[in-house]
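Keep the picture in view as you read.

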Amino acid sequence: MIEEIYTIERQAMGNSPVHKIDARVKIIIAFSVIIAMVAYPYSVDVIIPGAIFFGFFAVLWSISKISFIGYLKRVFLILPFGIFIILFQIFFENRHYDTFTPIVDLPLNIHIYAESVEFASILLVKFIICISFIILLSSTTTMQDMLTGARRLGLPSEFALIIGLMIRYLFVFAEIFEKVINVFETRCFNAFDRRLPYNYRLKTLGYAIGTLFLRSYEQGERTYTSMLCRGYSKDSFLHVSRQRLKRGEFSFLAISLVFIILIPVISYFYL
Amino acid sequence: MHIPDAFIPLPQAAVYWLIAIIFIALALKWARNELNEEKMPLIAVLAAGIFAIQAFNLPVGMGTSGHLVGGALAAIVLGSPYAAVFILTIVLIIQGVIFGDGGITTMGANVINMGVIGGFVGYYSFKGIKKAIGNCYVSAGIAAWLACLIPALACAVEMFIAGTFPLVPGIVAMGTYHALIGIIEGIITAGAIYLIHTTRPDLMSLEAGGAAA
C-alpha cells in the first residue's frame, strides 16, 4: 500500500477545477455521500442512488482529468477484504430476509440463495460508491491540503500536529520501503518462495521490519533536532489561517449537499 | 480486519464511534500527560513506521497472505496501551481517508478492534505473561499473537451484530486465519523487539526491559 503513496500524491497535485476546490468542500461532499449510502436501507432500490452518485462521481472524475485506468487500479487495490465478505454472502442466510430460495445446490449441503445474491449485490453497490468517493477525495487533494482542511473543520491540533509529521515521514518510509524491497530483489529473496526455509523467510522479514522501525526513530531524531534549531517546541501552535470559502465553492457545496440528501430520500419514499 | 463502509449499519457504526471517541480522548490525555517534548515526534514516526510495517505482506500458506497489526508492538515499546490506541487511530485515519483501507463510518469499530482491543490485550497479556515466565521476547510473541487473534474475533462478532456475516463461519474463518497470521506476528514482534532491545535499548519502555534514555 505504502508504495502507492507517490502515485496518489502526484495525482493529487493536478491542476483541474476539481483539484482547485477547497479541501473542506471535497471532504464534506465525500463523507456526506458515504454516510448517505451507508444510511440507505439494505434494499434493492439502493441501485438508484448508487447509479446517480456514481454518475456524480464520474462527472467529477472526468473533470479532474485523471485516467479511468488509475481509478480502476486503486479500486482493485482496495477491494480484497470487502469482496471476500461480499462473495461469501451468497452462501449464507441473513437476517434481512424471511425466506431463502436456493438457486444452486452444491455438495456438503451448501446452497447459493437468490436473496443472498441480492444482498451481496446491495453491499457491493454501497461499497463501490463509498470507495469511489474516497479515491476521488485522495486523488484530487494533497495530503497537506486535506490536513489543513480537516484542521479548519475542527480536527484537534494535537492530532493535526502528529498527522502532519506522520505524513512527512510516510514519504521517507515509502522510500525506505522501496529500498528494502530492492535489496530483497537484488538478493533474489522472495518471502513467498517455498524453496526457502520458512524460518529463514520470517527471520529476514523480522529483521527488515525491525530495521524499518529503527530507521523510523532515527529519522525522527534527526528531524526533531532540525526542528528544534528552527525554534520548534512541543507547545508550538501550527497556525492555520482562516479562509472563507469562495462564493462558487459555497454554492457548489450547498447544491451538492441538497442533491446528496434528496436523492436517497426521493429514491426511498417515491420511486 | 479493516471493516469497510456499508458493512456495519449507521446506528451501530455510531455506537462504535462513540466508544472509540472515549478511548481516543483518553489516549490524547495520556499523550499530553506522559509524553515529553522529544516523544511527540517519536509518536508520529512510530505511526508512520507501523503504517509501513502493515505494508509488509506475510505468507500465511495456501497462497494467502496477511499483514501485521502492530498494536502490541507499539504498546510494548512505549509501555502503555494508550500508545497503541493513539498510534493506531492515526494510522487508521490515514489508511481510511487516503488509501480507502477501512471505512469512514466503520472507523470507530476499526479503532476499537485494532487500537483498543489490540493495544490493551497486547500490553496487559505481555505484562502478565512476562511476570509468569520471565522471558521478555516469548511474552511479547504470545502477547502479539493474542493481540492479532482477539481483535479478529471481535471483528467477526461486530459483523454478526451488523447482520453482514453469520457468527460461527465468521469466527471460524477470521479466527483460523488470524491465529495463523498471529503466529507470524508473534515471531516477528519478538524479533523486532529483540533487534530494538539489542541496538537501541533506550527506546524501549522499562517494563519491556529497556534502559532509561
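## Where the chains meet

How many residues does the contact take from chain A and from chain B? In this predicted model, chain A contributes 57 residues and chain B contributes 54 residues.

The elements giving two or more residues to it are α3 (23-39), α6 (80-89), α7 (114-140), α8 (143-152), α9 (157-186) and α10 (198-229) of chain A. Of these, α10(A) gives the most, with 17 residues. What kinds of residues make up this side of chain A? There are 40 nonpolar residues, eleven polar ones and six charged ones.

## A positive phi in chain A

Now find the loop between α9 and α10 of chain A, where Cys188(A) sits. The phi of Cys188(A) is positive, near 60°, and this residue is not a glycine.

Is Cys188(A) buried or exposed? Cys188(A) has 8 other C-beta atoms within 10 Å, and a residue with 12 or fewer counts as exposed, so Cys188(A) is exposed.

## A positive phi in chain B

Next, move to the segment before α1 (10-34) of chain B, which holds Ala6(B). Ala6(B) is not a glycine either, yet its phi is positive, about 85°.

Is Ala6(B) buried or exposed? Ala6(B) has 32 C-beta neighbours inside 10 Å, and the cut-off for buried is 20 or more, so Ala6(B) counts as buried.

Methods: Residues are numbered from 1 along each chain as its sequence is written. Chains are lettered from A and ligands numbered from 1 in the order in which they are written. This is a predicted model: local features need pLDDT of at least 70, side-chain atom pairs count only at pLDDT 80 or more; totals for chains, interfaces and linings use all residues. Two residues are in contact if their C-beta atoms, placed from the backbone, lie within 7 Å. Helices (H or I, at least four residues) and strands (E, at least two) are DSSP runs, numbered from the N terminus. Ala, Val, Leu, Ile, Met, Phe, Trp, Tyr, Cys and Pro count as nonpolar, Asp, Glu, Lys and Arg as charged, and the others, Gly among them, as polar.
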